Amino acid sequence: MPAHRRSPIAASPPPRIGGPGGFAGLAAGPRTELPEDGLDGELAYQLVHDEAMLDGNARLNLATFVGTWMDRPADRLYAEAIQKNMIDKDEYPATAEIEERCGRILARLWHSPEPDRTIATSTLGSSEAGMLAGMAFKRRWQARRRAEGRPTDRPNLVLSSAAQVCWEKFANYWEVEPRYVPISEEHKTLDGHDLERYVDENTIGVVAILGVTYTGMYEPVKEIAAALDRIQAARGWDVPVHVDAASGGFVAPFLQPDLEWDFRLERVGSLKAGGHKYGLVYPGVGWVVWRTADLLPEELVFRVSYLGGDMPTFCLNFSRPGAQVLLQYYTFVRLGREGFRRLHGNSRDVARMLADGVAKLGPFELWNDGSDIPVFAYRLAPGYTDKWNLHDLSAMLRQRGWLVPSYPMPDSLTGTTVQRIVVRNGLTHDLGLKLLDSLRASVAYLDSLDGPLPHPGTVTPSFHH
Ligand SMILES: Cc1ncc(COP(=O)(O)O)c(C=O)c1O
């Protein structure tokens, strides 16, 4: 090994992994304490690599919305850019310029009336994007209330009970009362129904979700906006909408181009989407865009040095990886509109094929069929069996390598457990058929049991939205 490639902390020649005594270098030792001496790089790699082998297979992880596959040139770009810090705009002006370009592309894709001027920023993910959008809502509401001489101590945010946990966090961290509108069998998403019971003068905004985490369904943003128009006409409250398009923001423009959910609706003040979800990038990038620049209060914007001048930034973190932003731009130039249409169209075909297959297996009722984003959920048909439940089925599928979560629906539907399948780029038609085979075989095995499986205590596999 050339001297310059040897770990600076390795005093003696590295043991050969797999050779005589190789793995013996990985002797047992405390793993929760900083060791006194370091290991050779190869050994340290082996140690970490081996433990990570016990993780599930990311490609078979049908629980996640997050990108688990990119092509070889993307991997090469990632490896080249891994050291770049997004905040160092002056030092990495090309990356800063590319971030800016991505923001303009997205503002245009989502029909901002001023795509070249409005604020569009990358984030670590959709959660950070939601915090920023929520904060902007709160500040604008406070400024308006103060100008009217009214109190600002009881802000609330209205959203579906099936909202992702990032909104619960936002409400908690920024001291905003979350007002959850319960979903039900009749109203499977927030749809504008009954909204007047939740909205009042203290409502800083309403969140509409394009691709509900629990099921993948689109909330009808247009109907929600229309309900808010009626509330404004009746009560005078001008309540803006944020669209949490964490999953749908990179799907709807390509698969449902005529669906009006974005800045085509005037009431939509901001929206966010996960670059690392259907934006087809590895974990670590989200986007938030405001309809027009004036909707983001100036006092929330910080300026960092950039090419001798300054550049506005709005983010919670300081340092964060720049590589994912380059990868996002890569996906834009690599795929173009046609590529996104083709890849997501393919995922939707696989999701529809799987949903049809699941419906035909017998034990299941579909909650939705994967025709919004390529995600669908199903439950056990009432009275089908007392021998097993969906958690048992998840465990059986896991034995075959598939990670498919089962979880209770939110609040008013907690008695309903569903299983959800997220189809992403990389779950091919052939793999989908294999998944159906695994489902069929697992169901046959569970059905063949003599009696009910034991379910000790309340132990169920945990799953977090
Ligand atoms: C609707 C929705 N919003 C927000 C998030 C949080 O996104 P992230 O994991 O990028 O922070 C998710 C994640 O699944 C989501 O589905």
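Two strands are taken to pair if DSSP finds at least two bridges between them, and the strands themselves (E, at least two residues), like the helices (H or I, at least four), are DSSP runs numbered from the N terminus. The model is predicted, so that local features need pLDDT of at least 70 and side-chain atom pairs count only at pLDDT 80 or more, while totals for chains, interfaces and linings use all residues. Residues are numbered from 1 along each chain as its sequence is written, and side-chain values use heavy atoms, with hydrogens and water left out.

By the pairing criterion, strand β11 (residues 375-380) and strand β13 (residues 417-422) run antiparallel and are joined by four bridges, with V422 of β13 as the bridge partner of V375. These strands belong to an open sheet of four, in the order β10-β11-β13-β12, whose pairing is antiparallel. Because β10 (364-366) and β12 (406-408) stand at the edges with a single partner strand each, one side of each is left without a neighbour in the sheet. On average, and with direction ignored, neighbouring strands of this sheet are turned by 40° against each other. Helix α9 (residues 390-399) packs on the sheet and touches β10, β11, β12 and β13, where contact means heavy atoms within 4.5 Å; the direction of α9 makes about 35° with that of β13.

A parallel arrangement is found around strand β5 (residues 241-244). On one side, four bridges join β5 to the parallel strand β4 (residues 203-209), and V206 stands opposite V241 in β5. Strand β5 also pairs in the parallel sense with strand β6 (residues 268-273), again over four bridges, and here V243 stands opposite L271 in β6. Both faces of β5 are covered, since V241 and V243 on one side and H242 and D244 on the other are all buried, that is, under 20% relative accessible area with a 1.4 Å probe and protein chains only.

Two packed helices are described by the angle between their axes and the distance between the axes. Helix α4 (residues 126-147) and helix α5 (residues 165-173) pack at about 45°, with axes 9 Å apart; the axes are lines fitted to C-alpha atoms, for helices over the stretch in contact, and angles run from 0 to 180 degrees between N-to-C directions. The contact is made by S127, G130, M131, G134 and M135 of α4 together with C166, W167, K169 and F170 of α5.

Conventions:
Buried < 20%, exposed > 50% of the residue type's maximum accessible area, 1.4 Å probe, protein only.
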